[in-house]
Amino acid sequence: MKLSGSRILIESLKAEGVDTIFGLPGGVVLPLYDALYDADIKHILVRHEQGAAHMADGYSRATGRCGVALVTSGPGATNTVTGIATAYMDSIPMVVFTGQVNSNLIGNDAFQEADIIGMTRPCTKHSYLVRDTRELAQTVKEAFYIAMSGKPGPVVVDLPRDVLVKEVEYVVPGKVLLRSYHPTVEGHMAQVKKAFERIKEAKRPVLYVGGGMILANASAELLKFVDASKIPVTTTLMALGSVPTSNPFFLGMLGMHGTYAANMAMHETDLMIAFGARFDDRVTGRLDAFAQNCDIIHVDVDPTSISKNVTAHIPVVGDLLDVMKKLNGLFGGDKTDWDGKHREWNKTVDEWKSLYPYRYEKSDAGVIKPQYVVEQICKLAIGREAIYTTEVGQAQMWAAQFLTLDAPRTFLTSGGLGTMGYGLPAAIGAQAAYPDRLVVDIAGDGSIQMNIQELATAVQYGLNVKVAILNNGCLGMVRQWQELFFKKRYSHSDLRSGPDFVKLADAYGAVGLRATKESEVRDVLKEAFDVKRPVVMDFVVEREEKVFPMVPGGGTVKDIILL
Amino acid sequence: MRRHTISILVENRFGVLSRVSGLFSGRGYNIESLTVAETNDPQISRMTIVTRGEERVIEQIDKQLNKLIDVIKVMDVTSEDHVERELVLVKINAEEKNREEILRMAEIFRGKVVDVSPKSYTVEITGSESKIQGFLEMVRPLGIQEMSRGGKVAISRGAKLLAPK
Ligand SMILES: Cc1ncc(C[n+]2csc(CCOP(=O)(O)OP(=O)(O)O)c2C)c(N)n1
C-alpha cells in the first residue's frame, strides 16, 4: 500500500502506542497536520512550543511512557529547545518531531530554516534528519526505542516537507537492531554479590537514591530492600516519591535544601549506596569534603555517571529494576541480623531526624506562610491521587520539603536544568494522561509567567489543572541569595508590579481565586479542587520567608544554615 | 597528563563527526588532532583522536564516546602495542643556497619532494611523531613557508583488530 510520509508517520505513532501528542502547526508540517485531521490520535494544541515540549515531558514523567511533541520548522523548532534540554538533564524519554524545509533547500537559509539537529545535539540522546520517506517508519521506531531504553532521554526527528509529502510503499518495520547501541540492562551478578557482601560489613550504611529509581520503575523493589536491610534512605529531589514520606527509614531529601538528618547521614556514613543517582553538585557540595570516610557502591544504567564526579569502589552497571531484584534475592539465603546490626545507627539517625525536622515559624497576624499552603494542599488532596508539578525556586523547594508523597511519578519537577516555566505545561501533560486525577502546579509568581499562556490550552481541552501561586512579589530564590550572600542588595528581583492573577485567570476563561490571610487558605484550596475547571490560586505569602535548611553552594554539612 | 590516541569506529552517517567533536568541545576535553575517513566497509568510518588528560578524564572520554548512538567501537590504542603515523606536507624556502640541504634532509628522513617552484620545494614526510619533529627542526632554519599536517592515524600491531562485533 502506498502512503504519504505524513500517513506513514501517523501509522508509526500508532504502532508505538501513542495516544496523545502536543504540538502547534506551521508551514512545512501542514501536510502532516492535514493527515492528523482525521487520525485517531489526540492532539493538544499548545500556545507556545516550549509548552508542547514540557507537556510531553510531564506526560512521560507521570506515565512512564514516551512523550511526543510536534512542531514546525525554524522558530517552532527553536522554541522547543529549553523543553528538550530540560528533559535531557532529567533523562526523560520523549520524541520531538520538528518540521524542516524541503530537502533541496536545506542549507540555503530558506524561509523558516533552522539547523535544529545542530542546535539540539548537546541536549538530545540522539537525533535524526530523515532524508527519504522510505526510511521514515524505521526511523520513528528507532527513535522511540532509543528514547525509552538504557538511560532514557529526548530524541529529535527532523522531517523535511518533501519527506512528508512523498508517497511510498509502507512497510511495517521489524525489530530494531543497532550494532552501535547495546544499553546494558542486566547487572553483573558477581558485582551485585560483591556489593551485597560489602553491605553486610557496613556499620553505618546509607542509601542515596536518585531519579533513576523512578525511571526504572523500581520503587517497589527499593522498598523491599529497605524493609529487609533496615538501612536508612535519602533521596534526591528527582527521586521524591520513590520512598513514601512516612516510611520510618526515610531521611527526607538530601543536598542543598535537604534535611539535616539526610546530610548528616551522608557525612557520617561508612558505606554510601547510590542507586540511580549522579552525584550532582547540589547534592555533594564541596567535592573534596564529600564522602571522605566511606566506600561507595554505585548502581546505574549509565556507565558515564559512575565515577564521573566521585570514584565508586564497587560499580554496578545495569537497569535498577534488574539489580534491585537481584539484590533482594540475596536476603533469602542470608543470616545477617539486619535489625540488630543497624539498631544503633538507626537510633542516631532518628535523633538527627527529631532534632531538626523541616520546620518554619508559624504565622503571626494571619500572614500566609508558603509552607503552610503546601501542607494544606497535601491535606486537602488526600484521596484524589494527586500529582504535583513545580516551577523553580523557593516554591519548588518548599514543595519538595513539605509535600507528603506516597508513590513514584507524583512529583514532577525540573531538577537538572531548573527550568522556570516547567510546572504549568508539565501539569497539563500529566492531566492529559490522567484526566480524573488532581494535578497541582506549585508555582512562584515569577516562574508561572514564563508559560502562563498555556492556561488557554488547559481551558480549551478541559484539562483542569490547579495552579497554586505562592506569590511573594519577587524572584524569591534570587532574593534569598541576595539577602544571604549579597548584603541585601536586591538587584532586579522585584516583581510587585503584578499582574493580577485572578483577573488574568478570568481573562483566560479559568477560575481565579485569592487568599491574603491564613484563614482563607483552606477555603480557596477546597473550592479550587472541587471546581471542574482549571484554577489559578493566588496565595499572597510572606515576602521575607526563606528556604531552610541550606547548605550554601560549595559548602559542607558543617556549613548548614538551620532555621 | 598523558597523551592518548583513541581509535573510534562510527556509522558513516550524516552528522557523526559533529557529534564526536561536539562531545569534546562541550565537555571541555582537548583535541590535539583528529582524522576521519571511510574504512574498507563503506558504512563505517574510522576516527583517530589524539587527546591529553588525567586517567579519569580519559576514562570519561571513553565512556562518553561509547554512549553516542553512532559510535560502534572505541579503543585507546595507547594502552596497546601499536603503530602511529602522520603525513605532513611542508613547503620550504628553496633559495639557491637551500636546495641541496632540503634534498639531503628529505633523503635522510625518507621524505619525497612532491612539488617544486622557483621559490619553494614541497616535501612529503610520513612517520612517527619523533621523526616528524626531527625533520621539522632540521628544516626550520631554512624557512618553512607553509605546512599541512594530516593528524595521526594509528593501528594496533599483530592479531588484535578494531572491528564491529
Ligand atoms: C528560565 C529560568 N530563568 C532564570 C532562572 C534563575 N532562577 C532560579 S529561581 C528564580 C526565581 C524564581 O522566582 P519565582 O518563580 O517567583 O519563585 P520563588 O523563588 O519566589 O518561589 C530564578 C530567576 C531559572 N531557574 N530559570
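Colleague: Which are the buried residues of H18(A)?

Modeller: This is a predicted model, so keep that in mind as we go. The buried residues of H18(A) are A:Gln394, A:Ala395, A:Gln396, A:Met397, A:Trp398, A:Ala399, A:Ala400, A:Gln401 and A:Phe402. Helix H18 covers residues 394-402 of chain A, and 9 of its 9 residues are buried, so the rest of the structure largely encloses this helix.

Colleague: What kind of aromatic pair do A:Trp481 and A:Phe485 form?

Modeller: That one is edge-to-face, with 5.4 Å between the centres and 75 degrees between the planes. For the general idea, an α-helix has 3.6 residues a turn, so residues three or four places apart point the same way. Here, A:Trp481 and A:Phe485 both lie in helix H21 (residues 476-485) of chain A, 4 residues apart, or about one turn of the helix.

Colleague: And how should I class A:Trp481 and A:Phe485, buried or exposed or partly exposed?

Modeller: A:Trp481 has 27% relative accessibility and therefore counts as partly exposed. A:Phe485, at 35%, also counts as partly exposed.

Colleague: Which rings are linked into a cluster by ring pairs?

Modeller: The cluster is made up of A:Phe196, A:Phe225, A:Phe275, A:Phe331 and A:Trp338. Two of those names come back when we turn to helix packing: A:Phe196 of H9(A) and A:Phe331 of H14(A) take part in the contact between these helices.

Colleague: At what angle do the axes of H9(A) and H14(A) cross?

Modeller: When you read a helix pair, look at the axis distance, the angle and the residues in contact. The axes of helix H9 (residues 189-201) and helix H14 (residues 320-331) of chain A come within 10 Å and cross at roughly 55 degrees. H9(A) and H14(A) are therefore oblique to each other, and their crossing is right-handed. From H9(A), the contact uses A:Met189, A:Val192, A:Lys193 and A:Phe196; from H14(A), it uses A:Val323, A:Lys326, A:Leu327, A:Leu330 and A:Phe331. By class, that contact has 7 nonpolar, no polar and 2 charged residues.

Colleague: How do H1(A) and H7(A) pack, and at what angle?

Modeller: Helix H1 (residues 5-15) of chain A packs against H7(A) at about 25 degrees, with the axes 9 Å apart. An angle under 35 degrees counts as roughly parallel, so that is how H1(A) runs relative to H7(A). The crossing of H1(A) and H7(A) is right-handed. H1(A) contributes A:Gly5, A:Ile8, A:Leu9, A:Ser12 and A:Leu13, and H7(A) contributes A:Thr133, A:Leu136, A:Ala137, A:Val140 and A:Phe144. The contact of H1(A) with H7(A) has 7 nonpolar, 3 polar and no charged residues.

Colleague: While we are on H7, is A:Ile146 buried or exposed?

Modeller: A:Ile146, found in helix H7 (residues 133-148) of chain A, has 0% relative accessibility and so counts as buried. Beyond its neighbours within four places in sequence, A:Ile146 is in contact with A:Lys125, A:His126, A:Tyr128, A:Val155, A:Leu178, A:Tyr181 and B:Ile69. Notice that the list includes a residue of chain B, B:Ile69.

Colleague: Now the backbone. Which residues does a cis peptide bond join?

Modeller: In general, most residues other than glycine have a negative phi, and most peptide bonds are trans. Here, a cis bond joins A:Gly498 and A:Pro499, with omega about 15 degrees. A:Pro499 is in the loop between H21 and helix H22 (501-508) of chain A. The bond from A:Phe548 to A:Pro549 is also cis, with omega near 0 degrees, and A:Pro549 lies in the segment after strand S20 (535-540) of chain A.

Colleague: And where does A:His492 lie, given that its phi is positive?

Modeller: A:His492, with phi near 55 degrees, lies in the loop between H21 and H22 of chain A. At 76% relative accessibility, A:His492 counts as exposed. A:Glu385 has a positive phi too, near 50 degrees, and lies in the loop between H17 and strand S15 (387-390) of chain A. A:Glu385 counts as exposed at 56% relative accessibility.

Notes
Residues are numbered from 1 along each chain as its sequence is written. Chains are lettered from A and ligands numbered from 1 in the order in which they are written. This is a predicted model: local features need pLDDT of at least 70, side-chain atom pairs count only at pLDDT 80 or more; totals for chains, interfaces and linings use all residues. Side-chain values use heavy atoms; hydrogens and water are left out. Helices (H or I, at least four residues) and strands (E, at least two) are DSSP runs, numbered from the N terminus. Buried means under 20% relative accessible area, exposed over 50%, partly exposed in between (1.4 Å probe, protein chains only). Contact means heavy atoms within 4.5 Å. Axes are lines fitted to C-alpha atoms, for helices over the stretch in contact, and angles run from 0 to 180 degrees between N-to-C directions. Angles under 35 degrees count as roughly parallel, over 145 as roughly antiparallel, 65 to 115 as roughly perpendicular and the rest as oblique. A crossing is left-handed if the near helix is turned anticlockwise from the far one by less than a right angle, and right-handed if clockwise. Ala, Val, Leu, Ile, Met, Phe, Trp, Tyr, Cys and Pro count as nonpolar, Asp, Glu, Lys and Arg as charged, and the others, Gly among them, as polar. Rings of Phe, Tyr and Trp (its six-membered ring) pair if their centres lie within 6.5 Å; planes under 30 degrees apart count as stacked, over 60 as edge-to-face and the rest as tilted.
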